[in-house]
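I opened this entry to record what I looked up in the model.

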Amino acid sequence: MSDVVTFGETMAALRADGPIRLGGTMRLSVAGAESNVAIGLARLGHRVRWTGLVGRDETGELVLRTLRAEGVDVGHARVDERGPTGLILFERRLGDLVRVIYHRAGSAASFLSADDVLPALDPSPRLLHVTGITPALGPAPALAVRAAVESGVRVCLDVNYRSRLWGRDQAAAALRPLVSALSVVVASDDELELVAPPSASTENDRVAALLDAGVAEVVIKRGADGASAHTRHSSVHASARRVRVVDVVGAGDAFVAGYLSGLLDDLDLTGRLDRAVTTGAFAVASPGDWEGLPTRAELGLLDGRPESTLR
Ligand code: ATP
């Protein structure tokens, strides 16, 4: 049995150190919000299954091979002939400002359906993790998310709004109906309004409305300002860990992996949030979306003196 099942689109990722239009060398890897979370959890020792569709191409093989190598179960993932594996390009502009370019419309993953996803939920995992990116990929993925969320398993949703994929109104219309089936909602402070009822106008109102709707935990990511988590009984805040910022992409996914790991380990709310800000900090302090995520043995590394050498 898996501790966590997740699904979505994972793409080939190419990173340039400067403007792409100038040419030069790019580094090839893979990227996808859900598979970033899956890798983060697997590194921490949890049993994780990721499922999705890749094209019949070499980048699809790269996606599956990478996830397998990280200990993620991809036994339900498959090749689909209807489109290629998606592609995401990152170009570094102005210091740590990174611009993202997608080539994912019509990709294999945009055909992901409930029939692809529901078998991966058998036997029922302890947690299902979904993001607000998947319903933005097309009608079939949106239905797949709906069916999975309503399958009766405990669900975490990371809102993960992507303005390149859809508008805020469309996102809210797709995500709000899911709320009554969610256990954990993770959002940035500006994403809460996409899941809370429109009548709630402040952050406190939005959190209260989500808890009233049956969500057990509302977790708010605040970038370099850390994060907060709320249940019906308590609210806690954790400051961000102080690290030298190398690459902020993937911080949110790393944070979710840490939070869910804490949940699976039965840590209290403070412990869950501490692990989340720690894994988030690992992501921003290392290049790549997921490459720098910690193993369980490495979780304490940030507690050491900065600049120290491990011998
Ligand atoms: P992304 O979409 O790039 O993955 P996000 O907007 O979903 O990011 P953030 O709020 O930027 O998520 O970051 C998630 C968590 O990572 C934060 O709550 C914080 O704990 C950690 N984090 C982010 N930026 C920093 C930073 N500069 N220094 C230390 N920790 C950070």
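I took buried to mean under 20% relative accessible area, exposed over 50%, and partly exposed in between, with a 1.4 Å probe and protein chains only. Helices (H or I, at least four residues) and strands (E, at least two) are DSSP runs, numbered from the N terminus. The model is predicted: local features need pLDDT of at least 70 and side-chain atom pairs count only at pLDDT 80 or more, while totals for chains, interfaces and linings use all residues. Residues are numbered from 1 along each chain as its sequence is written, and side-chain values use heavy atoms, with hydrogens and water left out.

Helix 6. I looked up residues 203-212 and found Arg 206, Val 207, Ala 209, Leu 210 and Leu 211 to be the buried ones. Their cover includes strand 12 (217-221) and strand 13 (227-230).

Whole protein. I noted eight helices and 14 strands. Of the 311 residues, 54% are buried. Among contacts (heavy atoms within 4.5 Å) with a separation of 6 or more, 69% join residues 24 or more positions apart.

Dimensions. The C-alpha trace spans about 50 × 50 × 40 Å along its principal axes.
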